[in-house]
Amino acid sequence: MKGCVFDIQRFSIHDGPGIRTTVFLKGCPLNCRWCCNPESINLLPELMFNPELCIGCGFCVEVCEVGASSIKGFDRSRCTGCGKCADRCYAEAKYVKGRYMEPKDVLEKVLKDVSFYKRTNGGVTFSGGEPLLQIDFLEEVLNLCQTKNLSSAIETCGYVPWKNFERIAHLVEVFLFDIKSTNNIKHIEYTGVGCERIMENCERLTKIAKRLVIRVPVIPGFNYSLDDITQIIRFAEKIGVREVNFLPYHRFAESKYSYMGLEYWNPSVERLDDSLLKEFIDKIETFIKVKIGG
Ligand code: SF4
Ligand code: SF4
């Protein structure tokens, strides 16, 4: 079956071991305020608009059947994401994020860099969004990757039915599992869902995963505190995880919000410096391997 993919990035070095190709799948059950891939949340293809590229030709307005397209942008509430305006936009100011792909076509793209994977112990990483939401498609691609001896990694937010993990765990070399907070109330406030199911899935997955690394996006105003970070490290120790990566907050996604007609969550929050975060985390005693960055 086809899956909705919104990006395929070659030569990634932060999404698992070695050099990797990262395949980004659409759809996420969370709605994190700071999300760095806001175009991933909706399961369907979605229109983006970069006003700096627009030359004001008006072709996009002529072809829109629902009257959602305008020279200044588009009406998000009426747009169906059909992409007709993007097809007519030669300036590439309007473009669609997300397209339906066959598993074999994803494999074909991923195989282009197989020589780099071999030299660096790399492979393919499925990210999103939440890749386990499109479980039938994901399982099919993972099986294809295995037929070519490709190493697969999964980046997951953990908020999916446990049976989805059970279906694919044997096909995955490493899970990069997001734990954002162990405080349920705060988790609901900042991501839209609680963390209980996520923590339970994480603990269960440690029993069947070949390798599991906890990843923590560190966000000022949300979890950048000694207490929050200590709690996450203690949780990792308790369930037997030996690697935790802390990912400092950055603002690379800010422009994407405006391209989608959305407001950025908190423009006053500055990016977090790696060395500051390291100094902070070094205060916490642990036997776990802790790293800054992916
Ligand atoms: S088709 Fe593209 S360049 Fe022309 S008005 Fe529409 S968005 Fe602007
Ligand atoms: S994607 Fe389709 S519905 Fe949306 S603005 Fe463009 S033409 Fe109109």
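Residues are numbered from 1 along each chain as its sequence is written, while chains are lettered from A and ligands numbered from 1 in the order in which they are written. Because the model is predicted, local features need pLDDT of at least 70 and side-chain atom pairs count only at pLDDT 80 or more, whereas totals for chains, interfaces and linings use all residues; side-chain values use heavy atoms, with hydrogens and water left out.

**Overall shape**

The protein chain contains 11 helices and 13 strands. These are DSSP runs numbered from the N terminus, with at least four residues for helices (H or I) and at least two for strands (E). The C-alpha trace spans about 60 × 45 × 35 Å along its principal axes. A compact globule of 294 residues would have a radius of gyration near 19 Å, and the 20 Å of the protein chain agrees with this. That radius is taken over C-alpha atoms, and the globule rule is 2.2 Å times the number of residues to the power 0.38. Of the 294 residues, 50% are buried. Buried means under 20% relative accessible area, exposed means over 50%, and partly exposed lies in between (1.4 Å probe, protein chains only).

**Salt bridges**

A salt bridge is a side-chain nitrogen of Lys or Arg within 4 Å of a carboxyl oxygen of Asp or Glu. The count by this rule is 20.

| Pair | N to O distance |
|---|---|
| Glu139 and Arg167 | 2.6 Å |
| Lys180 and Asp178 | 3.2 Å |
| Asp282 and Lys278 | 2.8 Å |

Glu139 forms its salt bridge with Arg167. Glu139 lies in helix H5 (residues 135–147) and Arg167 in helix H6 (residues 162–168), so the pair ties together parts that are 28 residues apart in sequence. Glu139 is partly exposed at 21% relative accessibility, and Arg167 is partly exposed at 30%. In the second pair, Lys180 is buried with a relative accessible area of 5%, and Asp178 is buried with 19%. In the third, Asp282 is exposed at 53%, while Lys278 is partly exposed at 44%. Elsewhere, salt bridges that share partners join Asp15, Glu155 and Arg215 into one network.

**Ligand 2**

The residues around ligand 2 include Leu47, Cys64, Val66, Cys79, Cys82 and Cys85. A residue is near a molecule if one of its heavy atoms lies within 4 Å of it. The shell has seven nonpolar, four polar and no charged residues. In this scheme Ala, Val, Leu, Ile, Met, Phe, Trp, Tyr, Cys and Pro count as nonpolar, Asp, Glu, Lys and Arg as charged, and the others, Gly among them, as polar.

**Backbone details**

The peptide bond from Gly128 to Gly129 is cis, with omega near 10 degrees. Gly129 is in the loop between strand E8 (123–127) and H5. Glu92, a residue other than glycine, has a positive phi near 60 degrees. Glu92 sits in the loop between helix H2 (84–88) and strand E6 (94–97), and it is exposed, with a relative accessible area of 56%. Asn149 also is not a glycine and has a positive phi of about 60 degrees. Its place is in the loop between H5 and strand E9 (152–156), where Asn149 is exposed with a relative accessible area of 73%.
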